[in-house]
Amino acid sequence: MATPKERRYARKIKASGQFDRDFYRGMVPGLHWLYKQNPERHYVIFGEALDIQPSGSFSPRAYLRHNPDVAAAGMRPLEHYVTLGIQEGRVTRDLPGFDLVDGVAFPILRADPTRKKARFAIVVHVFYAELWGEIAARIKAQSFEYDLYVSYIKSKSHKTDIKDLVLGDFPEAKVYAMPNHGRDIYPFLHFVAAGFLDGYEAVCKLHTKKSPHRTDGDVWRQALIQGILGDPDATMTRLETFLTAWDAGFWVADGQHYSGTEWWGSNVDTTRQLLDRIEVPLDVSSLDFPAGRSIGSNQRSLRC
């Protein structure tokens, strides 16, 4: 039960426009239906103390760390931000401290359509170099045949070039430095446009996912990867089943298939603009998607 002070706080942050209801509901998937109706109340009673973000641009814990005067005054982070911090331009979250190499451009790529290919392809985007070993171990454990394509971001802070790390594990991999643009999606589409992924029966897409805006980012990444590249025998069995299912376009980890308009968040307008470019109408009332990344079958479509 919320106290009168907590109810006032909830009303204040709701009125501020700095609390993203859809984002917060996505951060707490098992939210009780009563709190789904009033997520601000859940935030002030439970969420803020657990460092659950009220929007993609605000971390309660990071705000207190970067603004020690707020913690010293005993003020609640989001309350201080909507009252004073927003006008003062206070730091609201942690950002990756990567010193990226300048001048990296998307490479000009064209695949040889006559080249010998495996049945499957695995595509990995590496932003966090320290997570490469975890992903490499998962890939090495698999028994199916694959070609490996890796894109990566160059950072001055990396002690070893990521290309050298990848080729040390997979000498036959195709590895390319990409600019830090479009997260993991743009590099993937660059491979698609170059024809690298044509002709495979299915394509598995992974990336070094940390999700620093979530307190369970590492657990989520491990669950996503384990759900696709788990036990080698089980993976192969599921992969063959996936390929024979005429109505299956994506294979994702258990529990990562979402539907419902509450997941749109702030993405409706961007999605509409993209679909307008290919003359596909957007049905806002219908949303059905796989979270994280997945294996997509080339027999029906190649999507991510």
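These questions and answers walk through a predicted model of one chain.

Reader: How many helices and strands does the chain have?
Author: The model is predicted. Its C-alpha atoms fill a box of roughly 70 × 45 × 40 Å along the principal axes. Within the chain, the count is 13 helices and 8 strands.

Reader: What percentage of the residues of the chain count as buried?
Author: The cut-off for buried is under 20% relative accessible area. The chain has 304 residues. Of these, the buried share is 42%.

Reader: Among contacts between residues at least 6 apart in sequence, what percentage join residues at least 24 apart?
Author: A contact needs heavy atoms within 4.5 Å. Take the contacts between residues at least 6 apart in sequence. The share that joins residues at least 24 apart is 73%.

Reader: Which residues touch the most other members of the largest nonpolar core?
Author: In soluble globular proteins, nonpolar side chains tend to be buried together. Here the largest nonpolar core holds 31 residues. The members that touch the most others are Val124, Trp132 and Leu148.

Reader: Which residues is Val124 in contact with, leaving aside neighbours within four places in sequence?
Author: Val124 is one of the residues that touch the most other members of the largest core. Its contacts beyond those neighbours include Trp132 and Leu148.

Reader: Are helices H1 and H4 oblique or perpendicular to each other?
Author: Helix H1 (residues 4-16) and helix H4 (residues 39-47) have axes that come within 9 Å. The axes cross at roughly 125°. Angles of 65 to 115 degrees count as roughly perpendicular and those over 145 as roughly antiparallel. H1 and H4 are therefore oblique.

Reader: Is Ser55 buried or exposed?
Author: Ser55 is found in the loop between H4 and helix H5 (60-66). Not counting residues up to four places away in sequence, Ser55 touches Gln18, Asp20 and Phe23. Its relative accessibility is 10%, so Ser55 counts as buried.

Notes: Residues numbered from 1 in each chain as written. Predicted model: local features only at pLDDT ≥ 70, side-chain atom pairs only at ≥ 80, totals over all residues. Heavy atoms only, no water. Core = buried A, V, L, I, M, F, W, Y, C linked by side-chain atoms within 4.5 Å. Buried < 20%, exposed > 50% of the residue type's maximum accessible area, 1.4 Å probe, protein only. Axes fitted to C-alpha atoms, helices over the stretch in contact; angles between N-to-C directions. Helix = DSSP H or I, 4+ residues; strand = E, 2+ residues; numbered from the N terminus. Parallel < 35°, antiparallel > 145°, perpendicular 65-115°, else oblique.
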